[in-house]
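Please look over the sequence and the model shown here before reading on. The report then moves from one chain to the other and ends with the place where they meet.

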Amino acid sequence: MAKRIRVNGQDHDIDLPPDVPLLWILRDALNLTGTKFGCGVASCGACTVHIDGKAVRSCQVALEDVWGDVTTIEGHGKPQALSSLQKSWVDHQVAQCGYCQSGQIMQAAALLAENPSPSDADIDEAMAGNLCRCGTYPRMRAAIHSTAKMLQEA
Amino acid sequence: MGRIKTFSRRAFVVGSVAVVGGVAFGGWKALKTPKNPLSPPDGAALNPWLIIDQRGITVIVPRAEMGQGIQTTLAALVAEELDVVLSDINVEHGPAAQAYFNSALVADRSYELALEEKPSGWATVMADAFPKVMSLQVTGGSTSTIDAFEKMRVAGATARETLLKAASHRLNIPISQLKTKDGQVISPDNSQIPYADLAEDAAQIDPPKSPRLKPSSEWRYLGKSQPRLDQDAKVTGTAEFGIDKRLDGLLFATIHMTPHFGGAIEKIDITTAETMAGVKKIVVWEDGFGVIATNTWLAMQASDAVEVIWSKGSAPDDTEAVFHAIEAAFNDKANVEMRNQGDVDKALSSGEVIERSYRAPFLAHATMEPMNATALFQNNRLDIWTGNQSPVLIRDACADALGLKKDQVVVHTPFMGGGFGRRGTVDFALPAAKLAKEMPATPIQVTWTREEDMRHDWYRPGSICHYRAKLENGHIAALDGKMSSPSPAAPVIKLATGFDLAPEDPTITEGSHDQPYAIDHFRVRGYAPQLGIPVGFWRSVGGSQNGFFHESMIDELAYEAGADPLEFRLKHIRPEHEPAAKALETVAEMANWTSKTPRGVGRGIAHVWSYGSSVAEVINIRENDGMIEITDVWIAADLGVILDPAIVEAQLTGAAIYGLSAAIQGEITFANGAVEQGNFPDYDALRMHNTPRFHVTLLQNNRRMGGAGEPGTPPAAPALANAIFNLTGKRLREMPFSKHIGFLT
């Protein structure tokens, strides 16, 4: 029996077993490949999306448990219409390989929604679950601070 | 002074080629210009790096983008000379082809040559010809900008001159009265002809043999930080990695191969797995199996449900046995002797000899994007999409595995979610090719689980090092080093040549034998045990462990001599290579260097020459609740010629973080003939909260361009070990350090 989920404002009826993780529904059934597979055990954060605005690891949320509206990186901003966070990311030239960046940005977006002027310690705590093997952390931190500043001045 | 290292390196190159047979240097194959592999449907390919058609300007960047910004920098080389706006350029990786051989791959990049602007001599001609004859289109070894620096500027410049000639013919105006600007030819009356309108005419004109290249003083893009061309795609999830390839009718697969290297399947039962949701097909090979399903996760679930008993492999059973075998190799004949000056044996036969031993573990690359490939087999043609560092090797291996001709295999190279050397092999492509052949006309995407990825790597080899040294009047009179580790070059040479050689492998000792220290009696030898564990190139290769060994030993000798670690290094380095001394002085100034640190604070310094670049790092740590907290890293790096400072800064920082992650916690261990670690909880890396602040200064005192992607890694581990000694008095001689001391995580 198909389950209906709402992703980036659009309803989808998903005809897959109830235990399939949201990650693999997004990637393989809906072709929303911006959300990445990194570990499958919630230890790298590459698969981070929002459900009702909260950052979650989509590799750990079974289809039957999707409890609210899902937002992925594709729903967060687009190349022609970057979010303020994405703009800062580009300004700071953060991405190297780029593979973890969707998850990083979704995690940072959830942080800023909750805490519009995070301290370094707040950033550390919020971002600790998101791994980056290229080591883009210093520029990510700078981009989060710039976004917070920009949002406050706006 | 009987230095033999230069000749030894040649022996490595020439020896490998000689065995291939029939390949003659100096012959037509080495001199002939490879054919242009591009044939655009409309418009024109003016050379192998440039297509001009109605879409605009497309630059072929035949080095794969794995985060190092290479698409931006190589496109800038063409844009600079072609006179086009960098952000207007489309970039494509292009096909696998001999034309894209990497001429810098085996070039001599020792510090002695770094003060000469251009390489020269017969040895250089041969080092240049080897990758060409072997069609080595490789992204690795921190070579991409070095290889491209002249080639791609010439590509831009010849195209520009040919376009000017085409305009001159058309307008009947002499070239001297025409100008170019931002992708257009401008005539004296200020009318403009876009390059695209001239391209087909230009393609009929013989290009100039030696176009004028701009001197650096006229550069518009080069030498200045450019906005990377990949950023918008990478922040919006629209950048296409191999794992993101989507094709009509795509099926999703995973594989499970024997965890015992060289082992096979003893017994297998797929009956339960076959009936599971979404499963389309299970293919069983001698040493593993693949599951094809309608969804990657369903394939992984079914793979877990396959009941399989593996036979034992050929590798030693556990970590202890592995290192026992590595130690035992010191009894064999040395594989390489890359430096031997003075008379080390005589010098060490009297007086007080200081002996120290060090050890480094095996390491996985752990790229963020797990290994994967997507393949479509139809009409006797294989298309394969996979992030890779050597497309020609992949093409040839897939052709071989499927019984196809080379031109029946087309390799597509998308973005890589990290490479670090892992994607220079072909093992991640072959299962997809084989599964695709089982289901013709259906595209199959094979994604490895993280566990499969971590347990089937081509690991940075574990290594043991023994040093003996003697001090005289506060100076190192003699230094004798020997390192034993499986040869990371051997598997790649086997792939490229088809022969199972045990070549001289200078990477076993690089990072130690090639350091700019003036020591009268100086010898370094490498030993190469064969363990049956797959090993390969891991960011900075030999430098990743030997930089730690060498720069720890130097620190120990400074301590024994009662000298400041900076002053001790400068005293030995300055007579040998002035730019390296400058890098050390610069980093010391940045960090306000002192080894007399207040209580609770430790400082360490290290300098490693690698890939033609000089990198000095200072690390500051402090004690925090009985744990080590790294607060700051200062880097001063001399890369000779710097094309994009912001990208280089990112590479140096990232490389140091990669090195620190490994130094603190990276370790692959073995039990029951298999790798024990499987996922990030047991093979973690630095994260936001434990990454220190970085301060980077770039220098250009060397005249020859050095590499950027790797040289930041080697000094990180020794600078940290030296800081820990400075703080605690405890000398750590084995990585990872977290086995011996607590870190704030």
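How many residues of domain 1 of chain A are in contact with domain 2 of chain A, and how many residues of domain 2 take part? In this predicted model, 18 residues of domain 1 touch 15 residues of domain 2, where contact means heavy atoms within 4.5 Å.

## Basis of the report

This is a predicted model, in which local features need pLDDT of at least 70 and side-chain atom pairs count only at pLDDT 80 or more, while totals for chains, interfaces and linings use all residues; side-chain values use heavy atoms, with hydrogens and water left out. Residues are numbered from 1 along each chain as its sequence is written, and chains are lettered from A and ligands numbered from 1 in the order in which they are written.

Helices (H or I, at least four residues) and strands (E, at least two) are DSSP runs, numbered from the N terminus. The C-alpha trace of chain A spans about 50 × 30 × 25 Å along its principal axes. Its radius of gyration is 15 Å, which agrees with the value near 15 Å that a compact globule of 154 residues would have; the radius is taken over C-alpha atoms, and the globule rule is 2.2 Å times the number of residues to the power 0.38.

The domain assignment of chain A gives domain 1 (3-75) and domain 2 (77-153), such bounds coming from an automatic or database domain assignment. The centres of the two domains, taken over C-alpha atoms, are 20 Å apart.

## Where the two domains meet

Domain 1 and domain 2 of chain A bury about 1300 Å² between them, 51% of it on carbon and sulfur atoms; buried area is the accessible area (1.4 Å probe) that two parts lose on being put together, summed over both. Ten residue pairs are in polar contact between these domains, both residues at pLDDT 80 or more. A polar contact is a pair of N or O atoms within 3.5 Å; within protein, one must be able to donate a hydrogen and the other to accept it, and residues adjacent in sequence count only if both atoms are side-chain atoms. On the side of domain 1 that touches domain 2, β3 (48-51), β4 (54-57) and α2 (73-76) of chain A each supply at least two residues. That side divides into five nonpolar, nine polar and four charged residues, with Ala, Val, Leu, Ile, Met, Phe, Trp, Tyr, Cys and Pro counted as nonpolar, Asp, Glu, Lys and Arg as charged, and the others, Gly among them, as polar.

Side chains of opposite charge can pair when their charged atoms come close. The count between the two domains of chain A is one salt bridge, a term for a side-chain nitrogen of Lys or Arg within 4 Å of a carboxyl oxygen of Asp or Glu. Lys54(A) and Glu114(A) meet in a salt bridge, at 3.4 Å from N to O. Over all chains, the structure holds 54 salt bridges. Lys54(A) lies in strand β4 of chain A and Glu114(A) in helix α4 (residues 101-114) of chain A, so this pair ties together parts that are 60 residues apart in sequence.

## Chain B

Chain B has 20 helices and 27 strands. Its radius of gyration is 27 Å, close to the 27 Å that the globule rule gives for 745 residues, so chain B is as compact as a globular protein of that length. The C-alpha trace of chain B spans about 80 × 75 × 55 Å along its principal axes.

Two details of the backbone can be looked up in the model. The peptide bond from Met735(B) to Pro736(B) is cis, with omega near -5°, and Pro736(B) is placed in the segment after α20 (716-728) of chain B. Ala366(B), a residue other than glycine, has a positive phi near 50°, and Ala366(B) lies in the loop between β14 (354-360) and β15 (372-378) of chain B.

## Where the two chains meet

In the interface between the chains, 61 residues of chain B are in contact with 56 residues of chain A. Together the chains bury about 4500 Å², 61% of it on carbon and sulfur atoms. In chain B, Val235(B), Met368(B) and Met688(B) lose the most area to chain A, together 19% of what that side buries.

The rule finds four salt bridges across this interface. Asp28(A) forms a salt bridge with Arg246(B), with the closest N and O atoms 3.1 Å apart.
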